[in-house]
Amino acid sequence: MNVLQSTLNLTPAYPLENLAPQKDILLLDIETTGFSANHASIYLIGCIYYACSSASWKLCQWFCESPEEEASLLASFFSFLAPFTTLIHYNGDAFDLPFIRSRSQFHKLACPLSGLTSIDLYQKIRPWKAALSLRSLKQASLEPLLGISRKAPYTGRQLIAVYQDYLSSQKTSLLHLLIQHNQEDLQGLFGILPLLAYADLPAASFSLVREQICNTENRLTLELLCQSPCAVSAPFQIEYPLAAIRGQKPGFTSDDIAVNPFASIQGQDTQITCRLPMYQGELKYFYPDYKNYYYLPCEDMAIHKSVGSYVAKEARKKATPQTCYSKKTGLFFPQPTTLLQPAFQIEYQGRPIYAEYQEGFFSNSKTLSTFLRAFFPLCP
């Protein structure tokens, strides 16, 4: 078994203290001879960690010169793990960690992974695929967002054959390819850490910079400042379709729908812009406890039985869920979910759900942050 160590010139572009103390973090990536732990083995484990003694980031790689060395590789790696509490990886919850556990069981080795906190960047970033216009969620597809480029020409799948060639030829050039690929995976993993800023957005607070209604487009624009310790790196856009509005409705024509089909949030760095299509007209608020109400057909509204008992019997009916409402005329904006009360609808169980708009409504940072969290893919 070959153990390679080197010092890397790395500077975190994401506040690692959000995850764990820097000294407790280990970035992990493995290389295997196949994709099933029942029929393949681990030939390379690589990690990046912070060495307090030298105040620098280190790379350590364990490489099997032959398949028979896998047990020694695992034992040495497990011993190295002792000081660390937090593992960072990419799709490791689905592949790397189960593979290590399975191979440990095969060799009858105690596996310490269950005692560590696992942070899978793939799971953190996956909900943002559409917002970031990503075609693929492979790590190599994310790296260009951060300006990361690779030199190694092979994928992990292609390197399986390279490793087999190395076992038979022992060519130094092939060893270099295997080691370089793993190192670039790890440095790329380190480099995409700033993408965690997207996952942090639901917990961030926001302040209103400017609020404006465009009358010609019947749209509200909110320009916001995101108060987060790390700015988002690449531009994103999230759209919320008003898919439930079909055809022509009072106060909202089919032409309006064509012009304003979406509520959207987009942003980059710490600047966020939210655009909401507004509804001008009459909407209904449906009371949840309909059995306690009467419906008045002439007035087209529901009133509580404590008041409705004074109305002539022929002028009232028992309310149903569909008729238990009061009506209000005004300016409304759509909600992704029922966050703000009272919640208004065009019809019973209709979508979207609206809230009444009042000037300065979003000046309250708590209200603003609550509203925005529902738009983000990762809601707490």
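Modeller: Let's begin with a term: a charge sits over a ring if NZ of Lys or CZ of Arg is within 6 Å of the ring centre and within 35 degrees of the ring normal. Keep in mind that this is a predicted model.
Colleague: Okay! Where does the charged end of Lys305 sit?
Modeller: Over the ring of Tyr294, 5.6 Å from the ring centre. Arg316 also lies over the face of Tyr294, at 4.4 Å from the centre.
Colleague: Switching to ring pairs, how many aromatic pairs does the structure hold?
Modeller: There are 31 aromatic pairs. Take Tyr90 and Tyr122: their ring centres are 5.7 Å apart and their planes are at 80 degrees, so this pair is edge-to-face.
Colleague: Are Tyr90 and Tyr122 buried or exposed?
Modeller: Both Tyr90 and Tyr122 are buried.
Colleague: New topic: how many salt bridges are there?
Modeller: Eight. In one of them, Arg150 pairs with Asp185, with the closest N and O atoms 2.7 Å apart. Arg150 is in the loop between helix 4 and helix 5 while Asp185 is in helix 6, so the bridge ties together parts 35 residues apart in sequence.
Colleague: And is Asp185 buried or exposed?
Modeller: Asp185 has a relative accessible area of 12%, so it is buried. Arg150, at 29%, counts as partly exposed.
Colleague: What about helix 6, how many of its residues are buried?
Modeller: 14 of its 20 residues are buried, so helix 6 is largely enclosed by the rest of the structure.

Technical notes: Residues numbered from 1 in each chain as written. Predicted model: local features only at pLDDT ≥ 70, side-chain atom pairs only at ≥ 80, totals over all residues. Heavy atoms only, no water. Phe/Tyr/Trp six-rings, centres within 6.5 Å; stacked < 30°, edge-to-face > 60°. Buried < 20%, exposed > 50% of the residue type's maximum accessible area, 1.4 Å probe, protein only. Helix = DSSP H or I, 4+ residues; strand = E, 2+ residues; numbered from the N terminus. Salt bridge = Lys/Arg side-chain N within 4 Å of Asp/Glu carboxyl O.
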